[in-house]
Amino acid sequence: MLTVDEAAERLGVEPEQVRRLIRAGKLTARRVGRTLVLDEDTVDGRARLPITAGRALAPRTVWAALWQLSGEDVDWLPPADRSRLLARLRGYDAERLVAAARDRADRHELRVLPAYRQRLLDTDGVVPSGLTAAAAVGADIVAPDAAAEVYCTEVTLAGLRRDLGLSERGEANLVVRVPRYELSLVGLPYMPAAVVAVDLAESPDVRTRRAGLDLLAAALADLPR
């Protein structure tokens, strides 16, 4: 039997989503004392259902999936959970993974003075992604005049707003994504390849989106069987 928190981890969603599934009759549960428990086989069956655009993974699970796809160490998940996540990833295609990853970060469209662009990119804790890191991870897209795309924490973003005068006014030339799960970003030259790929795949530009999907598809195909 699994607790609600354990079932949420297995499904890659928040505990409240598990409770909603129970209330909707899509998962069965019973009480053992004061604890609500679910049958492990039932939860695993739910986990094998296809991911659709209407179902987003919890940020912690999304980041683990993208780190694992990129060959990075997922040290915040226990080994058993990493194995289960790997098994789930084998059943994804690129478009489903992009849909499932949509809650990974808060997205800010901002303007930075062109004279400060490189200073921003050189700031500790600011990590290029999307089109800004496409060439570094082997994505088949080049857009030198595109808006800069980076990840950083809320604290770093607040400092950038203060020191470089980032603003929502004017034409945006900067996309800042703040992860909804606490990650260590210091020291990364650019975001891992699967993160860059998802960012590219969310673009409204057809060529950029295709480059991201192709990169993700290749990563998924390379997963160990």
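**Salt bridges, sheets and one enclosed space**

Glu-9 is partly exposed, with a relative accessible area of 26%. On this scale, buried means under 20% relative accessible area, exposed means over 50%, and partly exposed is in between (1.4 Å probe, protein chains only). The model is predicted: local features need pLDDT of at least 70, side-chain atom pairs count only at pLDDT 80 or more, and totals for chains, interfaces and linings use all residues. Residues are numbered from 1 along each chain as its sequence is written, and side-chain values use heavy atoms, with hydrogens and water left out.

Stay with Glu-9. Which residue does Glu-9 form a salt bridge with? The partner is Arg-60, and the closest N and O atoms are 2.3 Å apart. Glu-9 sits in helix α1 and Arg-60 in helix α4 (residues 59-69), so the bridge ties together parts that lie 51 residues apart in sequence. Arg-60 is also partly exposed, at 26% relative accessibility. A salt bridge here is a side-chain nitrogen of Lys or Arg within 4 Å of a carboxyl oxygen of Asp or Glu. Helices (H or I, at least four residues) and strands (E, at least two) are DSSP runs, numbered from the N terminus.

Side chains of opposite charge can pair when their charged atoms come close. The structure holds 17 salt bridges. One of them joins Glu-16 and Arg-23, at 2.9 Å from N to O. Glu-16 is partly exposed at 33% relative accessibility, whereas Arg-23 is exposed at 60%.

Another salt bridge joins Glu-202 and Arg-104, at 2.8 Å from N to O. This pair links distant parts of the chain, 98 residues apart. Glu-202 is in the loop between α10 (193-201) and α11 (206-221), and Arg-104 is in the loop between α6 (94-100) and β4 (105-110). Is Arg-104 buried or exposed? At 2% relative accessibility, Arg-104 counts as buried. Glu-202 is partly exposed, at 34%. Both belong to a network of salt bridges that links Arg-104, Glu-149, Arg-177, Asp-199 and Glu-202.

6 of the 6 residues of β7 (residues 174-179) are buried, so the strand is largely enclosed by the rest of the structure. Both faces are covered. Leu-174, Val-176 and Val-178 are on one side, with Val-175, Arg-177 and Pro-179 on the other.

Now look at the neighbors of β7. Two strands pair if DSSP finds at least two bridges between them. β4 and β7 run antiparallel and are joined by 6 bridges. Arg-107 stands opposite Arg-177 in β7. Strand β6 (residues 148-151) pairs with β7 in the parallel sense, over 4 bridges. Here Val-150 stands opposite Val-176 in β7.

An open sheet of 3 strands has the order β1-β3-β2, with antiparallel pairing. Its edge strands are β1 (2-3) and β2 (29-32), each pairing on one side only. β1 and strand β3 (residues 35-38) run antiparallel, joined by 2 bridges. Leu-2 has Leu-38 as its bridge partner in β3.

Helix α9 (residues 154-164) has two kinds of face. Thr-156, Leu-157, Gly-159, Leu-160 and Leu-164 are buried. Seen down the axis of α9, these residues fall within an arc of 160°, so they line one face of the helix. The arc is that of the directions from the helix axis to the C-beta atoms. The face turned away from the buried side carries the exposed residues Val-155 and Arg-162.

Last comes empty space. Rolling a probe the size of a water molecule over the atoms shows where empty space is left. On a 1 Å grid over the protein atoms alone, a cavity is a set of points where a 1.4 Å probe fits but cannot get out, and lining residues have an atom within 4 Å of a point. Grid points are joined across faces, edges and corners, and a volume is the space filled by probe spheres set on the points.

How many cavities of 30 Å³ or more are there? The count comes to 1. The largest cavity holds about 100 Å³ of space. Its lining brings back Glu-9, together with Arg-10, Thr-61, Leu-77, Asp-81, Arg-84, Leu-85 and Arg-88. α1 (4-11) and α5 (79-89) each supply at least two residues of this lining. α5 gives the most, with 4 residues. The lining divides into 2 nonpolar, 1 polar and 5 charged residues. In this grouping Ala, Val, Leu, Ile, Met, Phe, Trp, Tyr, Cys and Pro are nonpolar, Asp, Glu, Lys and Arg are charged, and the others, Gly among them, are polar.

Notes: On a 1 Å grid over the protein atoms alone, a cavity is a set of points where a 1.4 Å probe fits but cannot get out, and a pocket is an open set with protein on both sides within 12 Å along at least five of seven lines; lining residues have an atom within 4 Å of a point.
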